[in-house]
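Visitor: Please take one part of this model, the sheet, and describe it closely, together with whatever surrounds it in the account.

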Amino acid sequence: MPVVNHREKAEVPPKYRLFCLDCGWESDPEFRLRCPRCSGALDPRINLENATERDSGRPELAYLDFLPVESEHFLDADISVRTPCRPAPHLGAAIGLPRLWVKDESQQPTGTTKDRLASVVLAVFRQFGINEFVASSTGNSSTALARAVQRDPSMGAHFFCGRDFTGDHDIETGDRVSLTVVDGNYAQATQAAQEFAARNGLVWEGGFFNWARREGLKLTYLEAFEAMDDKPDVVVQAISSGMGMMAVRKGVAEYLACGRLTSPPRLLMVQQDTCAPMAAAWSEGRAELTEDDVIERPTGLARAILLGDGRATYPYMRDIAAESGGAIVSVSQDELVQARTMLRELEGLDVCHSSAATIAALRNEAAARRITPDKVVLVNLTGRERYTASDAGPALAAATAG
Ligand SMILES: Cc1ncc(COP(=O)(O)O)c(C=O)c1O
Ligand SMILES: [Zn+2]
């Protein structure tokens, strides 16, 4: 795959510019994670004049006009796939929301929506001539990124994970891909990863603050909006750092600008009771999380969303909930188990507890009449369970046994 730094051929105007979401600072395309003026998250604003969906079975090629990728040559189009988005009438009826739609991201090659971010992150790295990087995650993002790296002989990566999350990583290590297990939680693994990157002069991939991740995840939603007969009044996703939610907001804004959506949906975010700092702060009307909100060693069935320290990204989630008329809610472990069973029995969908959190939350919102039966609701089922019951302890084994 050719590696070209597009800044060397600067005669053509860039397809996008980077903007700070907090202060409006802007620049030409570069691989920068945070605003130099205020440390806010940066976001690419793409020139959507004449943007169209192309006829391609590959998501990144179909939506290339909506991506901060200058040429299809930077893409390995076999990283992610288009996924089904369909009505879920049986489940919808059971939870009192008959106009329920599900987007099934568990069909992605590594089993989660994170294949979408892997595809665009690697394309953006190639675009900037980056061929080695350092990353960390609770498991799904690193698993997806590692597979994408393995497919490109010119790319290398170093992954870090907390000891409790080793079983959530399905990474084939070798000459170009390593996995370092850190004695600590996800936040501590991230810290170790960043220090390793700085010490070795390597690129820190950035997690939530890597705008390329959010752009990849955005395609889930563009596909879903296209597939739906009626456009959604409410969109629901489980959140950890909240990249997926940033992606929905971006996709909605772009589709409103292109006239492909006529009104913005309410955005509902879901955590689980054992690790719900953002939901707690939202319900108390707080603008920020503090040290007291940090959960040192989070546990819970929805393992993909076990981020105990949400301080860096909560303000963005709070804004998304407030702007869209949405909310950040939490569900119990029992509700997760029930929702997962309902998905399986009523719709034949075998997804992970993080995905099922959406249904648990909707059931509560519908029962409280905060979402009424006339509403069109879209849930993102972000993935399936990839690890074995024995990795995850007796709670999961019990939950998956039935
Ligand atoms: C299956 C699944 N669902 C949801 C999420 C939520 O992630 P985020 O809020 O960081 O986008 C993750 C993150 O790892 C995940 O793996
Ligand atoms: Zn700024």
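Guide: An open sheet is formed by 3 strands in the order β2-β1-β3, with antiparallel pairing; two strands count as paired if DSSP finds at least two bridges between them. Its edge strands, each pairing on one side only, are β2 (26–27) and β3 (42–46). Helices (H or I, at least four residues) and strands (E, at least two) are DSSP runs, numbered from the N terminus. Between β1 (residues 16–20) and β2 there are 2 bridges in the antiparallel sense, and Leu 18 has Ser 27 in β2 as its bridge partner. Helix α6 (residues 211–227) packs on this sheet and touches β1 and β3, contact being heavy atoms within 4.5 Å. The direction of α6 makes about 50 degrees with that of β3; axes are lines fitted to C-alpha atoms, for helices over the stretch in contact, and angles run from 0 to 180 degrees between N-to-C directions.

The model is predicted: local features need pLDDT of at least 70, side-chain atom pairs count only at pLDDT 80 or more, and totals for chains, interfaces and linings use all residues. Residues are numbered from 1 along each chain as its sequence is written.

UniProt, in an unreviewed entry, lists residues 82–383 as "domain: Tryptophan synthase beta chain-like PALP"; such annotations may be inferred rather than shown by experiment. That span is 42% helix and 17% strand, and its end C-alpha atoms lie 14 Å apart.

As for helix α3 (residues 114–127), 14 of its 14 residues are buried, that is, under 20% relative accessible area with a 1.4 Å probe, protein chains only. Gly 129, with a positive phi near 70 degrees, follows α3.

Notes: Chains lettered and ligands numbered in written order. Heavy atoms only, no water. Buried < 20%, exposed > 50% of the residue type's maximum accessible area, 1.4 Å probe, protein only.
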